[in-house]
Amino acid sequence: MSLDSLRITEIFYSLQGEGKTVGFPTTFIRLTGCPLRCHYCDTEYAFHGGKTQSIDDIVKKTKQLGARYINVTGGEPLAQKRVHGLMQQLCDEGYHVSLETSGALDVSAVDPRVIKVLDVKTPSSGEMAKNKHSNYSYLTPDDQVKYVIGDEVDFHWSKDHMREHALDEKCEVLFSPVQGQLEAKDLADWVLEHKLPVRFQIQLHKYLWGDTPGK
């Protein structure tokens, strides 16, 4: 792999299903590979394979798709160090760029113009020990922290973890149910019962298209 290339699983145009820009047409750049194996992962097809593409070709494809919003996702994008060059170039081109990361890898070198969406690993993920707490010091008010919650144990752990690290004071916090594992209304009821300062969300894209790749 050359110094200006990345291994890419797919580049596609769809609606953003989560977060601050939910519902907006967005170009998704899905990088290949991930050092984690979360039990509820819905993108296992991105663990292996992919195609090596130059950063210039990735940016060219992004321009062709025409969306203002760009989401760099995976797998785990930060597992490929050259992703920093891609995100910097996309920001230089004037795109609104967000990064979906597990929070298990260092985010200190992420371009400050990029919106970080840090996916904190809950007990049911099986990867809770991988959470890199030092990343929380790099969060800004524009960033987001996401807890993917599979059961009531996850909920109480997430509530306590958020408070322990004062994450709701650093940025917006998202609570999202694992589709097919936890009823969305149950999580909504718990958020209201405990009066949490979080944004409840469901994954819009899953309700529209399920786990279809490229959607």
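This is a predicted model: local features need pLDDT of at least 70, side-chain atom pairs count only at pLDDT 80 or more; totals for chains, interfaces and linings use all residues.
1. Let's start with a charged pair: Lys-185 makes a salt bridge with Asp-186, their closest N and O atoms being 3.5 Å apart. A salt bridge here is a side-chain nitrogen of Lys or Arg within 4 Å of a carboxyl oxygen of Asp or Glu. At 55% relative accessibility Lys-185 counts as exposed, while Asp-186, at 26%, counts as partly exposed.

2. Residues are numbered from 1 along each chain as its sequence is written, and side-chain values use heavy atoms, leaving out hydrogens and water.

3. The structure holds 12 salt bridges. One of them pairs Arg-30 with Glu-10 (2.7 Å, N to O). Arg-30 sits in strand β2 (residues 25-31) and Glu-10 in strand β1 (residues 5-15), so the pair ties together parts 20 residues apart in sequence. (Strands are DSSP runs of E, at least two residues, numbered from the N terminus.) Arg-30 counts as buried at 9% relative accessibility, and so does Glu-10 at 13%.

4. Now have a look at Arg-113, which forms a salt bridge with Asp-111, with the closest N and O atoms 2.8 Å apart. Arg-113 is partly exposed at 41% relative accessibility, whereas Asp-111 is buried at 13%.

How values were computed: Helices (H or I, at least four residues) and strands (E, at least two) are DSSP runs, numbered from the N terminus. Buried means under 20% relative accessible area, exposed over 50%, partly exposed in between (1.4 Å probe, protein chains only).
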